[in-house]
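Please open the structure in a viewer and keep the selection tool at hand. The stops below are given in the order in which they may be selected.

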Amino acid sequence: MPRRSSARSSRTTGNSPGAAASAPCPCGLGAPYAECCGAFHAGRSAAPTAERLMRSRYAAFVAQDTAYLLRTWSAGTRPAELTLDRGMRWTGLDVLGSTGGSAFHTEGTVEFTAHYRVGGADGEQHENSRFVREDGLWVYVDAIQ
């Protein structure tokens, strides 16, 4: 049976990593962007777990890195193109739990709430995302309803 991690909050702020590679990564793990999700975005390494991929995808939304988002999307569900709302500012991430998704798994889920601000109003996106390995790399598949 897949392991469900205990609920944990890792609320982050949505600092734009484009400002400085030494700024804290918006994914919330505390490392500088260049040493954390920046390495995944630049292709220097790949996310080792489903949760790290989800965190790196959140950081890519903060950075407006559509190329990374498309590259880490499953071939079976990836859109042909992706246009992000430039007026949306991602302001924080809460990772709520996960199942599977480790180096020993081929699939996993990560439940999270991503917070944003758009048009002067705060909002949030709650999702339980499904991830699988394709060609040995973790990719996002879809949201579980």
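Does Ala80 count as buried or exposed, and why? Ala80 counts as exposed because its relative accessibility is 84%; buried means under 20% relative accessible area, exposed over 50%, and partly exposed in between, with a 1.4 Å probe and protein chains only. The model is predicted, so local features need pLDDT of at least 70 and side-chain atom pairs count only at pLDDT 80 or more, while totals for chains, interfaces and linings use all residues. Residues are numbered from 1 along each chain as its sequence is written, and side-chain values use heavy atoms, with hydrogens and water left out.

Stay with Ala80, which lies in the loop between helix H3 (66–71) and strand E1 (89–100). Helices (H or I, at least four residues) and strands (E, at least two) are DSSP runs, numbered from the N terminus.

Next, select Arg57 in helix H2 (residues 50–63). Arg57 is buried and has no salt bridge, a term for a side-chain nitrogen of Lys or Arg within 4 Å of a carboxyl oxygen of Asp or Glu. The nearest side chain of opposite charge, Glu127, is 7.2 Å away from Arg57; Lys and Arg count as positive and Asp and Glu as negative, with His and the chain ends not counted. Arg57 lies over the face of Trp73, at 5.1 Å from the ring centre (CZ of Arg or NZ of Lys within 6 Å of the ring centre and within 35 degrees of the ring normal).

Now display the aromatic side chains, where the count comes to 5 aromatic pairs. Rings of Phe, Tyr and Trp (its six-membered ring) pair if their centres lie within 6.5 Å; planes under 30 degrees apart count as stacked, over 60 as edge-to-face and the rest as tilted. The pair of Tyr58 and Trp90 is edge-to-face, because the ring centres are 6.2 Å apart and the planes stand at 80°. Tyr58 lies in helix H2 and Trp90 in strand E1, so this pair ties together parts 32 residues apart in sequence. Tyr58, Phe61, Trp90 and Tyr116 form one aromatic cluster.

Finally, select Cys36 and Cys27. The structure holds 0 disulfides (pairs of cysteine sulfur atoms within 2.5 Å). The closest cysteine sulfur to that of Cys36 is in Cys27, 3.5 Å away and too far for a bond.
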